[in-house]
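User: Could you walk me through this model, starting with how you assign the elements and then going sheet by sheet?

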Amino acid sequence: MATSSSQTLRTPFLKTPSLNSKLPLYSAFSVAIHPTRRSVKPLVVVVSAAALGGKPTVLVAEKLGDAGIELLKEFANVDCAYNLSPEELCTKISLCDALIVRSGTKVSREVFESSAGRLKVVGRAGVGIDNVDLAAATEYGCLVVNAPTANTVAAAEHGIALLAAMARNVAQADASVKAGKWQRNKYVGVSLVGKTLAVMGFGKVGSEVARRAKGLGMHVIAHDPYAPSDRARAIGVDLVSFDEALATADFISLHMPLTPATSKILNDETFAKMKKGVRIVNVARGGVIDEEALVRALDAGIVAQAALDVFTQEPPPKDSKLVQHERVTVTPHLGASTMEAQEGVAIEVAEAVVGALKGELAATAVNAPMVPAEVLTELKPYVELAEKLGRLAVQLVAGGSGMKTVKVTYASARGPDDLDTRLLRAMITKGLIEPISSVFVNLVNADFTAKQRGLKITEERINLDGSPENPLDFIQVQIANVESRFASSMSEHGEIKVEGRVKDGIPHLTKVGSFEVDVTLEGSIILCRQVDQPGMIGTVGSILGEENVNVNFMSVGRIAPRKQAVMAIGVDDQPSNEALKKIGDVPAIEEFVFLKL
């Protein structure tokens, strides 16, 4: 007999762990338990030293704004040593408690090894952390923090600067005049007023670009499958589909994160959908554009001009056809390069580093703090289940409807004091947010990140009778007030609903909407709603077999014999578009969706 509680679940929080716990984790949110490689000093040693008059040491390896340096000096001894070689950095790091870098310094595994456990926090003065080995940082008990908000306005202003410079051929005309020429007829530009700007990615920077473009008299539309429509309406922006944005825009400004889903999202196929003569601005990430395809689109006249601040390879090759193209304006990744933004970044990262050295949990942390080994051991398969249910649920949300309210339900025979769900909630948040953004979600920043995106996550609990040997019977994730790409995933109350269990240590998807299924959460999943009739499994299996796509699991849940059914197919590889089209063309299949895990 089960009893349900409709109150928001109140679970005890984990005690704040030392940032230098001896339990190593091989990646942010890794739950594999490994032998400790070395003992490291607990954070309290530094705090006690400071209390006795001693100060921790912070190494600043790249230029940081004066305001940030002064803030650091109030708490720590600051060593500013720029342009260190990898060998010099490894030599100095054993004497430092914190390290601050920008993008030019590689904080490799060797750096963490050389620190001999003393390094407690790495601060990245900026957003990207590609130059920091996160797995090694977490393994060696080092927190990594960044400065994700201070350069928002600077990036938006640079996007507008490139937009106007491109429209009026400023860079080309400047070079021409300096070469002794006077070519007024060659550099006739185009007006911005009355033109349609498509903002692709309506986050912090994208929305600031939209505000400024409206002030220039432009009609602004935006595409972001997960942006709340009311936020867009508040500044007079229409949210549209990806294809509509491409087809109607005179100018396109890119502000999306670089994820597997957005990598080379502008390619030969998408350029072909654009209005001829479109102009493109990119101050986001170079990898979202297929650069060779952009050159072809420029040569074909599909794209009239491009203005680029970021590139797939930075710096780009000197002989790059894209950089040298006469209708391309380029800058060397200057989006955050204003005096004000640099000072803001310096203060933001300095505050995060000082807070971490004081033992506080930083909201801008990009790797997880340590969690007790016994908790991780027991929750390991449920942690994986939680993240994958989040990933499945968010992919079922139809574009443009936004995601604001998520309810997580746990079914357990344990008492509230015996089941801490904070790690599970963080993993569900990670699954919901990371596929659609560039944010790194972890145990430290999960709640902060959800709140920042306007996402309300509530927890409920179903109390089960029986043995509390296992921590959970099932986890259920529901997203309210959205449209679904797969109508059968909607519950009887109109919410997207997915449910999963752990069986023999392996996460399984066990319910989609009202349909019972049973498929392992490995690889990727194809969900099909079909007429329940003989031969369907063989038909779909044959299509996948012809494409050499291996099926690892298949399950069918139905309402009643010969009525509707949902087939869940686990696949090891991503089927081609042609294979997916063939599945959709099967007469008995009413809808289907492909979901990547």
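Analyst: Helices and strands here are DSSP runs, a strand being a run of E over at least two residues, and they are numbered from the N terminus. The model is a predicted one, and in it Ile280 has its place in strand β11, which covers residues 278-282.

User: Is Ile280 buried or exposed?

Analyst: Ile280 has a relative accessible area of 0%, and buried means under 20%, so Ile280 counts as buried.

User: What is Ile280 in contact with, leaving aside its neighbours within four places in sequence?

Analyst: The contacts of Ile280 beyond those neighbours include Met166, Ile252, Leu254, Leu266, Phe271 and Met274, and also Ile289, Leu294, Val303, Gln305, Ala306 and Ala307.

User: OK, on to the sheets. What is the strand order in the open sheet of 5 strands?

Analyst: The order is β3-β2-β4-β5-β6, and the pairing is parallel. The edge strands, each pairing on one side only, are β3 and β6 (143-146), while the twist from one strand to the next averages 20°.

User: Which helices pack on that sheet?

Analyst: Helix α2 packs on it and touches β2, β3 and β4, with a direction that makes about 140° with that of β3. Helix α3 (residues 86-93) also packs on the sheet, touching β2, β3 and β4, and its direction makes about 170° with that of β2.

User: Which way do the residues of β2 point?

Analyst: In β2 (residues 57-60), Thr57 and Leu59 point one way and Val58 and Val60 the other, and all of them are buried.

User: Now the open sheet of 4 strands: what is its order?

Analyst: That sheet runs β21-β22-β20-β23 with antiparallel pairing. Its edge strands are β21 (551-558) and β23 (589-596), each of which pairs on one side only, and the twist averages 15° from one strand to the next. Helix α18 (residues 536-546) packs on this sheet and touches β20, β21, β22 and β23, its direction making about 30° with that of β22. Helix α19 (residues 577-585) lies across β20 and β23 and runs at about 150° to β23.

User: How many bridges join β20 and β22?

Analyst: Strand β20 (residues 524-531) and strand β22 (residues 564-571) are antiparallel partners over 8 bridges, and Ile526 stands opposite Ile569 in β22.

User: Switching topic, how many cavities of 30 Å³ or more are there?

Analyst: The count comes to 4.

User: Last one, what about the chain overall?

Analyst: The chain has 19 helices and 23 strands, and 52% of its 597 residues count as buried. Among contacts between residues at least 6 apart in sequence, 68% join residues at least 24 apart.

Definitions and conventions: Residues numbered from 1 in each chain as written. Predicted model: local features only at pLDDT ≥ 70, side-chain atom pairs only at ≥ 80, totals over all residues. Heavy atoms only, no water. Pairing = 2+ DSSP bridges. Axes fitted to C-alpha atoms, helices over the stretch in contact; angles between N-to-C directions. Contact = heavy atoms within 4.5 Å. Buried < 20%, exposed > 50% of the residue type's maximum accessible area, 1.4 Å probe, protein only. 1 Å grid on protein atoms, 1.4 Å probe; cavity = no way out; pocket = protein on both sides within 12 Å on 5 of 7 lines; lining within 4 Å. Points joined across faces, edges and corners; volume = space filled by probe spheres on them.
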